[in-house]
Structure formats: structure tokens, C-alpha cells
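Please open the model in a viewer and keep the selection tool at hand. The stops below proceed from one selection to the next.

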Amino acid sequence: MSDRQYPAPVQRFFRFFVGNSVVERILISIAALITAVIVSSLIVLAAGYLSGEAYNPLEIFAVLVNGAFGSPFDLDSARLFTEGWSPVNFSMGTTLKETTLLIFAGLAVAVAFRGDLFNIGVQGQLVLGGLAAALALVWVAPFVPGGLVGSLLLIPFGLLVGAIVGGLYGAIPGALKAYADANEVITTIMLNTIATGTAFFLVSAYFADPTLQSVKTKAIPDVARLNGIIFPQGGQFSLVALVLALLATVGVYYVLRYTSFGYDLRVSGKQAKAALYGGANAERMVVSTMSLSGALGGIAGAMWSMMVIGAWRQGVPSIGFDGITVSVLAGNNPIGVIPASLLFGVLKGGSNAINFQLGVPPELVAVLRGMIILFIAMPEAFRMLGNRLGIKPSQAAVTGGGGDE
Amino acid sequence: MSNAPADRSALGSVRNWIANIGRIPRLVIGALLASMFVGAMINVLMPGTRPATVAGIFNVSFVESTLRISVPIVFAGLGGIFAEKSGVINIGLEGLLIISAFTAVAVTHLLGGDAQSAVWIGLFAGVLASTFLALVFAVLVIEFRADQIIAGLAIWLVGLGLGPFLSIVIWGSVNSASISTLNTVTVPGLSQIPVLGPIIFDASPIVILMLVTIVVSWFVLNHTSFGRWIEASGENPSSLDTAGVNVHRVRYVGVVLSGVLSGFGGAGLVVGRAGRFIGSGQTMIAGDGFIAITTYLFGNYNPLGTAAAGILFAGLDALQIRLQQIAFIPAPSELIRLVPYVSVIIVLAFVGYTRIPSEVGEHYESGEE
Amino acid sequence: MAQTTQPPEDDTGGGTDPGPAVKMENITKRFPGVVANDQVTLEVERGSVHTLLGENGAGKSTLMNVLYGLYQQEGGTVYLNGQERNFQTPQDAIDAGIGMIHQHFMLVDTMTVAENVTLGNEPRKWNGLAYDAKSAREAVRELSDRYNFDLDPTAKIEDISVGEKQRVEILKTLYRGADVLIFDEPTAVLTPQEVDELFRIVDELTEQGKTLIFITHKLGEAMEISDDITVLRDGENVGTVDPETATRESLAELMVGREVMLEVEKEDSQPGETALSISDLVVENDNGVRQVNDIDLTVREGEVLGIAGVDGNGQSQLVDSVVGLEVPDEGTVDLYGEDVTDISRREHIERGMSFVPEDRQARGLVMDFDLVENALLGNQYDPDFTSGPRVDWEATRDHAETIIDRYDVRTPGADTASESLSGGNQQKVIVGREILRDPDVIVASHPTRGVDVGSIEFIHDQLVELRDEGKGVLLVSSKLDEVQQLSDRLAVIYEGEIMDIVDPEEVTDRDVGLLMAGEVPDEYGGGNE
């Protein structure tokens with residue numbers, strides 16, 4: 001360990017994240033990614049055969065990635081770069097919008113995983129958090145002055161409402177697990193559907209915008225929205241939101257790494273018995289971990305309402321479920337959530353490009369997502385493969401919490 | 001479980017299985033029967049009134065549509081029992097339903113889409129697809145020690161990704177073209193029996209298959225050696241191992257069976273009733289796979305109780321559809337649909353009745369203590 | 001690997017005695033760093049009850065696991081009925097007529113007695129299609145009747161008593177045709193009445209020609225039940241004796257041996273006021289069985305109170321109640337006169353109670369974490385290592401390095417994950433962390449288990465030093481020499497009760513051994529408090 005020349009916080013960062021198991025984790029994630037791309041390519045080839053169109057997987061993935069950033073590279077001609085490309089473009093906005101939402105959802109899942117809890121319910125926490133934020137802003141905005149002052153008051157308020165409602169909704173499965181021993185996997189799956197149904201019912205029965213046919217709340221006033229500053233208005237992406245997401249990542253990293261609470265959370269996740277020995281309150285840890293997780297999910301929902309829709313409407317996209325994918329790919333590591341979110345943001349952002357340019361259904365991205373999780377789920381397979389190929393982790397890199405019994 | 005009742009009479013065994021299906025299904029079945037009875041009385045005593053209109057919902061066609069709606073839930077629920085009893089929780093049932101529904105429609109469509117033979121082949125192709133995916137899941141969790149929840153999630157997401165994607169490839173839309181459905185099987189004579197006749201003997205072959213599968217599953221789990229092994233594999237695998245039975249093999253069979261049965265559920269849904277694949281949103285399966293998990297928790301892993309719970313949930317769905325058609329009842333149908341979900345949480349938290357096999361989720365390796 | 005040995009006498013000649021039912025010759029089995037069995041030879045006569053007696057870790061279970069095919073020996077030969085047999089798997093052993101009754105039952109709680117007994121060999125009907133529950137019930141009933149087991153084949157395992165479960169385990173082996181039955185600590189989980197019942201069954205089995213091997217550390221029951229007793233100590237056979245002629249004294253001596261004592265230098269204690277006081281403490285398990293039965297103890301400042309006893313006699317439950325990990329069912333624990341029975345674990349730590357747990361890899365350390373993070377365990381709310389909600393990692397790192405220096409932890413550095421340290425060094429980290437917390441009372445549970453000799457000495461010295469500084473030390477250990485040497489007063493625990501509190505300077509090994517086995521010696525060598 002010759003990282004002594006770095007300043008102390010950097011050293012700590014390395015120690016926390018660049019252990020053997022983290023390196024192994026990254027290798028496994030990359031291997032899973034590659035395998036998923038290969039298998040998806042085979043599926044694409046088969047699909048091309050079925051539909052009578054000659055799909056070229058390489059071309060599809062190239063267009064997918066290139067398109068996600070608004071095609072900086074000119075793939076069709078000898079020129080490398082597209083003329084007149086600017087980083088501020090619609091596709092880039094879409095990619096970063098998805099990235100932003102996924103960072104929050106991914107952090108939500110990661111925090112829970114760190115405490116050995118599987119919060120499949122981020123989707124539900126997100127739905128209710130988003131609804132609460134939208135309703136609260138619609139109500140409160142008339143009493144707040146307009147302009148920058150109004151935005152500075154209303155936007156944090158909306159996010160806070162989302163966090164509180166999401167956190168409370170996350171606390172339910174936490175309490176059910178801590179005090180009634182109800183498996184959080186099952187309760188959160190149930191609570192997702194309950195959240196969606198309840199939100200639908202509430203909006204359609206009480207809060208629907210009477211001027212619209214659809215199940216949608218009144219619009220959030222402009223002053224309370226996360227609008228584009230650099231990226232064009234209507235691109236549904238605000239750089240402020242992305243900055244908030246990055247700050248949240250640092251915040252989660254800080255809480256996990258630098259606070260007593262985060263310490264208890266991590267010990268509870270690794271070795272519950274050691275946490276009790278060290279004075280942690282097991283029940284309270286479960287509830288507070290789930291609340292924190294739910295709060296992050298609630299913020300993701302508030303962001304969706306305040307940035308993407310400008311209201312709340314039915315048919316919330318499955319950001320919460322994608323958050324699971326992100327967190328699993330990131331090895332439940334808050335910093336890792338950023339690249340993992342960006343990856344899925346690129347997949348979403350580029351899906352339009354493959355549709356327009358190549359006529360490939362954007363649903364391919366969902367196939368890829370499934371494949372990635374499928375291969376991520378089998379680290380042992382890659383370990384075996386690595387051993388067979390003679391790639392051995394330098395030490396006995398034991399991950400996945402094994403070996404403590 | 002129920003193979004050793006003190007009372008060997010027919011009545012005794014009936015009493016015995018009622019005792020075994022779980023407290024909640026028992027309660028609910030009771031309530032359902034009671035409300036049907038009340039409904040019938042209202043119908044007879046005050047025909048033409050508003051209460052009678054409401055009560056009129058509960059007729060033979062209501063039961064028929066309930067059974068048809070219940071197909072994916074019940075099949076997947078039965079499949080889930082085999083997997084989870086053997087010690088592998090399969091939360092990918094939803095994905096298995098999606099993939100089999102899609103495959104059944106696709107294969108039928110590619111074979112022309114009209115002939116009954118094509119529909120039957122489509123059905124079995126759907127079952128095959130689901131079985132294959134379940135086998136992948138089994139290899140993941142048994143061979144590669146994958147986390148069962150994450151692997152199950154992956155199976156769901158794979159189904160959710162592949163179904164709509166391939167739909168667009170084939171039909172240019174996430175929703176498929178229409179195919180024929182299986183013809184109703186009518187048993188001459190028996191179908192004339194009032195009430196029961198049209199429900200059981202003049203029904204979709206899928207519904208009949210479902211009713212048969214319920215009984216067969218119950219028999220296999222309760223009256224065969226394999227049923228004992230499945231149970232031991234989930235409760236205390238080392239007891240099975242030390243008795244000379246290969247735990248991995250039992251778990252493979254359990255998981256693959258969940259694929260076969262879910263296949264009949266998903267494929268049965270499209271070839272029996274829907275006649276097409278709908279891939280928008282959460283697809284046409286729309287959470288049935290997750291409801292299936294709750295049915296066996298309700299049914300305490302007993303196929304009869306599980307099927308009862310599945311049929312009950314389907315009944316709530318059918319009821320919600322019908323209530324919407326009655327103008328004078330402002331039914332919050334969205335809330336009715338939530339009843340199964342809320343009740344699962346209540347059961348898990350406050351009744352604490354369902355006993356999950358103790359080794360579910362745990363990898364087992366022979367020789368480990 | 002196996003040494004070439006004389007082939008056994010050709011036993012094809014009809015009528016010749018095939019020799020002992022089981023003969024194990026010069027069995028050697030090593031585990032990393034330990035020789036679990038060192039050239040052990042054992043002969044078990046057909047139709048007899050042969051007991052393997054020894055302390056925990058003496059190598060009894062290892063020897064039997066070799067016989068049962070769970071382990072492969074590095075040296076030596078196993079004979080069954082005079083024929084050389086080496087079983088690769090338990091299945092081989094079962095097929096050859098060996099059955100093992102495990103301490104942890106291999107039973108499916110949700111299934112009936114008959115289903116459990118026949119599991120894997122179920123009688124079938126309808127051309128093998130269906131499980132023949134009736135035949136299974138009858139077969140089990142018939143077996144149960146033959147050996148007077150008094151079991152209901154239709155009862156579910158979860159509804160029957162522990163003693164009955166054990167009989168189901170025995171039936172399982174008999175159903176599979178076992179002639180040699182190995183019992184692994186069969187009385188550990190039984191009530192005295194159930195032990196009587198087991199012994200009745202043992203008689204029944206031997207009368208019908210079965211050969212029984214008993215693994216136990218309780219000499220009383222060994223004397224009562226055995227035809228022969230082989231004593232193991234530190235992986236060696238130290239003698240096979242006839243219980244008719246042996247005395248308890250001679251057996252206790254054989255078991256405990258005259259180990260080379262690691263002398264602990266210590267002055268006489270200067271006990272001060274009462275630091276920790278335990279009164280009328282009762283802890284019950286889920287089934288309502290008392291595991292700690294009405295215990296009263298006090299630990300004064302400046303003294304080591306030792307608790308000697310065979311593992312599993314309630315020590316863990318007692319310790320957990322004292323340190324705040326378990327709330328006792330009855331009784332109180334006072335720390336300097338203040339009732340701390342119901343307060344949280346965290347408050348216990350804050351009030352100056354340190355704890356060296358017996359299971360260091362599950363509780364004392366987080367195996368994945370490095371030593372810096374482990375130095376914080378239990379200190380994460382201590383103002384010395386935090387400011388507000390924030391952890392001061394610099395201070396924690398210094399602390400970890402202090403522990404490493406002062407407690408002689410052999411590690412590449414503070415950034416090493418604790419799982420890559422040896423057991424002794426892991427333990428020194430815990431001991432260091434707990435002592436540096438400057439506690440008023442320290443509870444040390446088996447502090448030197450699985451620790452190398454050098455570390456043992458070091459840990460012992462640390463505990464004595466703490467005592468000399470005027471702290472109260474509660475030491476629990478199943479190592480007799482350890483508690484005897486370190487303690488100023490020695491309490492002996494048996495089945496959740498304190499048999500007596502004795503002066504460790506005066507009392508003999510033999511008397512302590514008897515107390516540990518639940519026997520009250522006729523007279524004490526030393527002062528009885």
C-alpha cells in the first residue's frame with residue numbers, strides 16, 4: 001500500500017473502495033457487461049433473421065452509444081467527428097436526465113443493500129414521493145413569491161417533501177421487518193403495487209386536473225420546477241438536478257464512511273452479530289436504513305415530477321427497478337452508482353437513435369438490462385472462469401459476505 | 001402432511017385438507033361462499049331491484065371468467081410452490097409468465113395463427129421457453145451460487161425485456177396480432193349438469209388442465225416420495241443429504257417444474273383467453289407472477305389453498321371489472337385491485353401464519369454443516 | 001497415505017470370530033495447524049457400549065467422523081467386522097451398517113416421525129408412483145415397538161420432545177440397518193429424565209446385539225453406561241479402562257492430564273468494593289428450559305472471578321445477560337450498585353463494561369473490515385473517536401496502531417483485513433480494544449480459545465494486569481488450567497447452576513473436574529467459600 005503520498009481523504013477513499021474485493025467486483029461487472037452485450041447481440045441477430053432485416057449488432061451498439069451523446073462521432077463517413085456537434089444537445093440531455101434519476105434510485109437501493117436489506121420498493125417510494133412533491137408544490141406555490149427567491153424556496157421544499165414521504169413509505173417495510181419479521185422483499189413488492197394503485201386512485205378521484213382527460217395532477221408552477229439552464233427548456237433535463245445527484249452521491253458516501261450511523265449500518269450489513277456486539281440497535285438500524293433508502297427514492301420521484309413531467313401523472317417509468325440494476329452493477333457502492341447510472345442513462349438516451357437511424361426497437365435496451373442483471377447475478381461463474389484462465393485475485397478475495405460462519 | 005389422518009373416512013380426508021390449506025384461504029372461501037349464498041337469496045327474494053343487480057354479478061359466467069382470469073396466477077403459484085418448497089425462492093415467475101405468453105403467441109402466429117394444431121403447438125412452445133428460462137435460473141442459483149433474489153429479478157427483467165422487444169421485431173408493435181384461441185371442450189352429458197356443468201365440463205381446455213394440475217400437484221407434494229424430498233430439501237437439506245438423496249437434483253427438479261407450470265400459465269393465458277400478446281407497460285401479465293407468490297404464501301404452500309387464493313384474487317379482478325359496469329356504484333376499482341396486496345402484508349405482519357421453509361434462499365453444498 | 005498394515009485374519013472360515021465390531025488402528029488426522037488425532041487406536045467389542053471420553057477438542061468427534069466417512073484419515077486403518085474398510089462418504093458407512101446420531105438433529109420439523117425415518121428409502125405403492133404412508137407408519141411402529149421407543153409414527157417432529165427427536169434419529173439408523181451406532185454427545189441436549197430414558201434404550205439396543213459408541217465429556221454418564229471407556233486427550237488415546245474397576249478420580253485425572261502449566265505470575269488480589277453483582281439470574285430458551293438457573297455472583301474490584309465449566313452449561317447465556325446482549329427472564333445485574341439489567345448494549349459499553357466475546361469471528365471483529373475500522377467497533381459513539389455524528393478516522397487509526405503496538409498484533413499494517421490475521425492476533429486486537437476502553441469491568445469469554453501459546457500467555461498477563469489496576473474481571477473458560485491459574489475465586493457452573501465457588505489455590509483438579517461434571521466431591525482440598 002504505497003498510497004501514502006496522497007492527502008488523507010484520498011487515501012481513505014482508496015482504502016474504502018479499492019480493496020481487493022472492489023477490484024474483483026469491478027472486473028466481474030465488466031465481464032458481466034461484455035457477456036450481456038454478446039448474448040444480446042446473438043438475440044439481435046436472431047431477431048434480425050426473424051424480421052427479415054439484417055441487423056448488425058456492432059453497428060447497433062455503436063449507434064446506441066454515439067446517439068446517446070448526440071452523435072459526436074460521424075459513423076457514416078471518413079470524418080471522425082460530426083460537424084457542428086455540441087455537447088449541449090437533446091440526446092445528451094435525455095441521457096443525463098436518465099442518469100440523474102438513476103443515481104438517486106441507485107443510491108436508494110445501494111444504501112439498503114449495504115445494510116443487508118433488499119429494497120425492491122424504491123419504485124413505490126418514488127411514486128408516492130413524486131406525487132407528494134407535485135401536490136405540495138401545487139398547493140404551496142401561490143403563497144410564495146415568484147422569481148429566483150421562489151425557486152430557491154420551492155425546489156428544496158419539493159425535494160424535501162418527496163424525501164419525507166418516500167422515507168416514511170420506506171419505513172413501513174423496515175418496521176414490518178424489524179418488529180414483525182416480515183420479509184422486506186415480499187412486502188416491498190406488495191407496497192409497490194399499493195403505491196401505484198393508491199396514487200392512481202387519489203389523483204383520479206381527488207387531484208386530477210379537471211381540464212385534462214388523463215390521470216394527471218395540476219401542473220407544477222414554473223417557478224417550482226427544475227428547468228433547463230444550459231440545456232434547452234423542454235429537454236426535461238436540468239444541470240442543477242445532476243449536480244444535486246452528484247452531491248447526494250458524495251453525501252451517501254460520507255454518511256456511510258464518516259458517520260457513526262453509517263458505520264453501524266455497514267457493520268449490520270456485514271455481520272449482524274458484530275453490530276449488536278458493538279452496541280447497534282438492530283431494529284432501529286433496519287427502520288432507519290429503509291427510511292434513508294426510501295427518502296432517496298422519494299427524491300428521485302420528486303425530481304421526476306419537478307423536472308421531467310412538471311406534474312404527476314400515472315405511468316411512472318420503472319426508475320425504481322432500474323435503480324436495482326444500477327446498484328447491483330455498482331456492487332452497491334455509492335461512487336460506483338455514478339458510472340452504472342451513466343451506463344443505463346446512455347442506454348436510454350441512445351435507444352431513440354437506434355430506433356430512428358436503424359429501425360431497431362428501443363425495447364432492446366430492456367433486453368440488455370435483463371441480460372446484465374442475469375450475468376451480474378452469477379459472480380461465481382466468472383470467478384470459476386477467471387480461475388480456469390489463471391486470473392486469480394491477488395489474495396483470498398472473499399466477497400459476498402461468505403465465510404463468517 | 002395430510003397423509004396420516006387419524007380419521008380415514010372420506011369426510012375425514014376432506015376435513016383434513018380443509019385444515020391444511022391455511023387459515024386465510026379457509027376464511028376467504030367461507031366468506032365467498034356465504035356472500036354467494038346471500039347473493040342468490042337476494043336474487044330470488046327481490047328480483048329486479050338494485051341489490052339484485054349487484055347480486056346478479058355472482059352467476060355462472062362470473063365463475064367462468066374468474067377461472068379464466070386465474071389461469072396464470074394459479075399455474076405460476078403452483079410452480080412457485082415446487083421451487084420454494086425445495087429451498088429456492090423464484091421471484092422470476094413474472095418473467096416466466098411473460099416469456100411463455102409471448103412465445104406461445106409468436107409460435108402460433110408463425111404457424112399461421114388460425115389452426116387449432118398451431119395453437120396447441122404454440123402452447124407447448126411457450127411451456128418450453130419458460131422451462132428453458134427456469135433451467136437457466138436453476139443453473140445460476142444451484143451451480144453458480146447466485147443470490148436467489150437477484151437471479152430471480154434477472155429472470156423477470158429478461159422476460160420483461162425480451163417479450164416486448166421481440167414483439168416489435170415480429171409485429172412492429174409491442175402488442176401482437178391476434179391468434180385463435182383453443183376451442184372449448186364440451187363433455188356431452190356432464191355439461192348439462194346445472195352450475196357445475198358449464199364451469200367444468202364446457203370449458204377451455206386450459207381451465208380443465210389447471211383444475212387437473214391443482215389436484216396432481218397436491219398429490220405429488222403430499223403423497224409421493226418426491227414430495228417428501230422436496231419438503232426436506234427446503235426445510236433441512238442435510239437430512240435429505242444424509243439419507244442419500246441428492247439435494248441439488250431435487251432443487252433442479254423443483255425449479256424446472258416452476259418453469260413448466262408457469263409456462264402453462266403464461267401460454268395458457270394467451271391461447272386460452274387473450275389470443276394475443278400485449279407488451280406495453282408491465283405487459284399483459286401485469287404482476288400476476290408476483291400475485292402468484294402471494295397466493296402460495298396465503299395457501300401455506302398447499303396447492304389446494306394456493307389455488308383457492310389464486311382463484312379468489314382472480315375473482316376480485318373479475319368483480320372489479322363487473323362493478324365498473326354497474327352505473328350506480330362508484331366503485332374505486334383501483335382500490336379493489338389492491339386488496340390482495342394489502343392482505344398479504346397484513347398476513348405477513350400480523351397473522352404471521354405462513355411458515356416459509358427454513359432453508360429458502362440458502363445455498364446448500366453437500367458436506368457443509 | 002494409509003499405512004500398509006497386516007491384512008486382517010481371513011474370516012472366510014465359517015464360525016471364526018471376525019474380531020471386534022470396529023477397530024481403528026493408528027488413526028492420524030491433521031487439520032491446518034492441529035493434529036486432531038495422533039495415532040489413535042480403538043477397539044469396540046460387538047454388542048458393547050464403548051465410550052470415547054475427553055474434553056472439548058480432545059479429538060473424539062474427529063475420530064468418529066473418520067469412521068463415518070466424513071473425514072479421510074492421513075494415516076491408519078479402519079476395520080469393520082475384521083475387514084479393512086475406508087469409507088469415502090457417509091453413504092458408504094451407512095451402507096456398511098454404521099449409523100450416526102448427530103448432536104444437531106437431521107430432522108425435518110414439518111414432517112412426521114414416519115416420514116423422517118423413511119426419508120430417502122420410502123416404501124412405495126402403485127408401482128412406485130405413490131408414497132406408501134401406511135407401510136411407512138407400520139414399519140416405524142414395528143421398529144419402535146421392538147426397541148420400546150414409544151414413538152407415535154404420525155406425530156410431527158416439531159411437536160415432539162427433544163428426547164423423542166433423538167429416538168427418531170436412532171430409528172433412522174436402525175431403519176437403514178445399522179449395527180454400529182455412534183452417538184455424538186447424546187445427553188448434551190437432554191433433561192435428566194430424558195437421559196434416563198436414553199440409557200434404557202441403550203440397554204435395549206445392546207441386548208439386541210447392536211454395538212454403540214458414545215462420545216461424551218461427562219464422566220459420570222460414561223461410568224454409568226459404558227462397558228469400556230477410552231479416554232482421549234489432545235488427540236491421543238491416553239488409556240482404555242474398564243468402568244467397573246476405574247474410579248472417578250482416575251478418569252478425571254486421565255481426562256484433564258497433567259498439562260504443562262503456563263505459569264502466571266501474580267500477586268495476591270486486593271479486592272475492593274463490589275463492581276458487578278448478579279442476583280437470581282434466570283435465562284430460559286425458547287422452549288422455556290432454564291439455561292441459567294438462579295445464579296448469584298459478585299465480581300469485586302481488583303479480582304478475577306473465574307467460571308469453570310464444560311461448554312454449553314449456560315455460560316454463553318450468563319455472559320450475554322451480563323454484557324447487555326440478552327435480557328434475562330428473571331433476576332438483576334448491577335454495575336456499581338446501579339441496575340443495568342434492562343439497558344441497551346450501547347449503554348453497557350458507555351458505563352464501562354468491556355467484553356471479549358467467545359466467537360471473535362462472528363462478534364468481536366468484522367472479518368471484511370481492516371483493523372482501523374475494527375478498532376472502532378463499540379467505540380463508534382465514544383467522543384474520543386467522534387465529533388458529533390462524524391467519525392474521527394485519524395484518531396481511530398492512531399488507536400488501531402496503538403493496539404497493534406501495545407498488544408503485539410502481528411500484522412502487515414492497520415489496513416489489513418482482520419480475516420487475514422491468525423486467530424491469536426485477531427484475539428489480541430479484540431483484547432487490546434476492550435482493555436484500552438479503560439473499563440471498570442471486563443467480561444472475557446474463552447479469551448484464549450484457538451489462540452497460539454505465545455498469545456495465550458500475553459492475554460493472561462493482560463488480564464492479571466487489569467486486575468492489579470483494580471478492575472473487576474469475569475473470566476469464563478472451559479480450560480481448567482486457565483481459570484484455575486487466573487482466578488482469585490473460582491465458580492464452577494453445571495447445567496446453568498453454580499455448583500460451588502472455591503479457592504483455586506487450594507482446590508484440586510480432580511475436585512474441580514467433579515464439580516464440572518455435576519458431582520459434589522466428598523471433601524474439598526481447600527477453603528470453601
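In which sense do strand E15 (residues 303-308) and strand E22 (residues 472-477) of chain C pair, and over how many bridges? Select both strands in this predicted model: E15(C) and E22(C) run in the parallel sense, and 6 bridges connect them.

E23(C) runs parallel to E15(C), and 4 bridges join the two. Here Ile307(C) has Ala491(C) as its bridge partner in E23(C).

Now display the side chains of E15(C). In a regular strand, side chains alternate between the two faces of the sheet. Glu303(C), Leu305(C) and Ile307(C) point one way from E15(C), while Val304(C), Gly306(C) and Ala308(C) point the other way. Are these residues buried or exposed? All of them are buried. Because 6 of the 6 residues of E15(C) are buried, the strand is largely enclosed by the rest of the structure.

Move on to helix H9 of chain C, residues 315-323. Buried residues in H9(C) include Gln315(C), Ser316(C), Gln317(C) and Asp320(C), as well as Leu318(C), Val319(C) and Val322(C). The helix is largely enclosed by the rest of the structure, because 9 of its 9 residues are buried. Select the residue that follows H9(C): this is Gly324(C), with a positive phi near 95 degrees.

Zoom out to the whole of chain C and colour its two domains. Domain 1 covers 22-256 and domain 2 covers 274-516. Their C-alpha centres lie 35 Å apart. The contact between them takes 9 residues from domain 1 of chain C and 9 residues from domain 2 of chain C. On the side of domain 1 that touches domain 2, the residues divide into 4 nonpolar, 2 polar and 3 charged.

Which residues touch the most other members of the largest nonpolar core? They are Phe104(A) and Ala101(B), in a core of 385 residues. This core draws at least three residues from each of domain 1 and domain 2 of chain C. Centre the view on Phe104(A): leaving aside neighbours within four places in sequence, Phe104(A) is in contact with Ala245(A), Ala248(A), Leu296(A), Ile299(A), Ala300(A) and Met303(A).

Key: Residues are numbered from 1 along each chain as its sequence is written. Chains are lettered from A and ligands numbered from 1 in the order in which they are written. This is a predicted model: local features need pLDDT of at least 70, side-chain atom pairs count only at pLDDT 80 or more; totals for chains, interfaces and linings use all residues. Domain bounds come from an automatic or database domain assignment. Two residues are in contact if their C-beta atoms, placed from the backbone, lie within 7 Å. Ala, Val, Leu, Ile, Met, Phe, Trp, Tyr, Cys and Pro count as nonpolar, Asp, Glu, Lys and Arg as charged, and the others, Gly among them, as polar. A residue is buried if 20 or more other C-beta atoms lie within 10 Å of its own, exposed if 12 or fewer, and partly exposed in between; C-beta atoms are placed from the backbone. A nonpolar core is a set of buried Ala, Val, Leu, Ile, Met, Phe, Trp, Tyr and Cys residues joined through C-beta atoms within 7 Å. Two strands pair if DSSP finds at least two bridges between them.
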